[in-house]
Amino acid sequence: MRSKRTLFLIEVAVFTALALMLDIIPFLSIKLWAQGGSVSLAMIPVFIIAYRWGLRGGLLSGFLWGILQIAVGTGYVLHPIQGFIDYALAFTVIGFAGIFAKQIQEAVQSGNTKVYLTYITIGVILGSMVRFAAHFAAGVVFFESAVEGQSVWVYSFLYNASYIIPSIIISVIAVFLLFHKQPRILLLAA
């Protein structure tokens, strides 16, 4: 039991650090906006933890990644509540992909490729869309429309969709290919 907990903590730490690195290394991330928002592979480590360790692992990894962004100075914080929503909350909820961990692991063990790849894809979309919702809400409440005469609702939607949608597409493809070729990495060692 103790070794499983140690493995959990090590994997969360390593994959959270990997998420941060994939987000801040310039040639691995395309920064679209000065106030935040990039297209990268950075959500993938959180999805891996979520699928291996379930909701608890995914939420913890996402939360730590969000907090690390503020700690290393890459976060754009105007107000403490905005910082909480845009970083602590938005990155934590990526881990909601972990609600499918049990179904994915059972499908991998039984060799049902179609089922586990479907759940993996749905999980990536779910975690990413809940992240989008948090960023969208923070944008509506804390940021004014940068385009004169444009609704802050439309502005926040377009601003956040501009980097979340490409990130979802990249993550779905990368995670799909990764787990299609190596589904056993989704299983914890007994």
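The structure is a predicted model, in which local features need pLDDT of at least 70 and side-chain atom pairs count only at pLDDT 80 or more, whereas totals for chains, interfaces and linings use all residues. Residues are numbered from 1 along each chain as its sequence is written, and side-chain values use heavy atoms, with hydrogens and water left out. The protein contains six helices and two strands; these elements are DSSP runs numbered from the N terminus, with helices being H or I of at least four residues and strands E of at least two.

**Overall architecture**

- Along the sequence, the elements of the protein follow the pattern α-β-β-α-α-α-α-α.
- The radius of gyration, taken over C-alpha atoms, is 17 Å, close to the 16 Å that the globule rule gives for 190 residues, so the protein is as compact as a globular protein of that length. The globule rule is 2.2 Å times the number of residues to the power 0.38.
- The C-alpha trace spans about 55 × 35 × 30 Å along the principal axes of the protein.
- Of the 190 residues, 45% are buried, where buried means under 20% relative accessible area, exposed over 50% and partly exposed in between (1.4 Å probe, protein chains only).
- The protein exposes about 9800 Å², and carbon and sulfur atoms supply 71% of that area. Accessible areas come from the Shrake-Rupley method with a 1.4 Å probe; for residues, only the protein chains shown count as cover.
- Among contacts (heavy atoms within 4.5 Å) with a separation of 6 or more, 70% come from residues 24 or more positions apart.

**Helices α3 and α5**

- The axes of helix α3 (residues 80-92) and helix α5 (residues 113-142) come within 8 Å and cross at roughly 175 degrees. Axes are lines fitted to C-alpha atoms, for helices over the stretch in contact, and angles run from 0 to 180 degrees between N-to-C directions.
- Helices α3 and α5 are therefore roughly antiparallel to each other. Angles under 35 degrees count as roughly parallel, over 145 as roughly antiparallel, 65 to 115 as roughly perpendicular and the rest as oblique.
- Residues of α3 including Ile 81, Ile 85 and Leu 89 meet residues of α5 including Ala 134, Ala 138 and Phe 142.
- This contact of α3 with α5 has eight nonpolar, two polar and two charged residues. Ala, Val, Leu, Ile, Met, Phe, Trp, Tyr, Cys and Pro count as nonpolar, Asp, Glu, Lys and Arg as charged, and the others, Gly among them, as polar.
- The buried residues of α3, among them Gly 83, Tyr 87 and Thr 92, pack against α2 and α5.

**Helices α2 and α4**

- The axes of helix α2 (residues 44-71) and helix α4 (residues 101-110) come within 8 Å and cross at roughly 125 degrees; α2 and α4 are therefore oblique to each other.
- In α2, Ala 50, Tyr 51, Arg 52 and Gly 54 meet Ala 101, Ile 104 and Gln 105 in α4. The residues of this contact divide into four nonpolar, two polar and one charged.

**Individual residues**

- Asp 23 lies in helix α1 (residues 2-24) and counts as buried at 7% relative accessibility.
- Not counting residues up to four places away in sequence, Asp 23 touches Ser 29, Lys 31, Ser 38, Ser 40, Ala 42, Trp 65 and Gln 69.
- Leu 178, in helix α6 (residues 152-181), counts as partly exposed at 31% relative accessibility.
- Leaving aside neighbours within four places in sequence, Leu 178 is in contact with Ile 48 and Ile 185.
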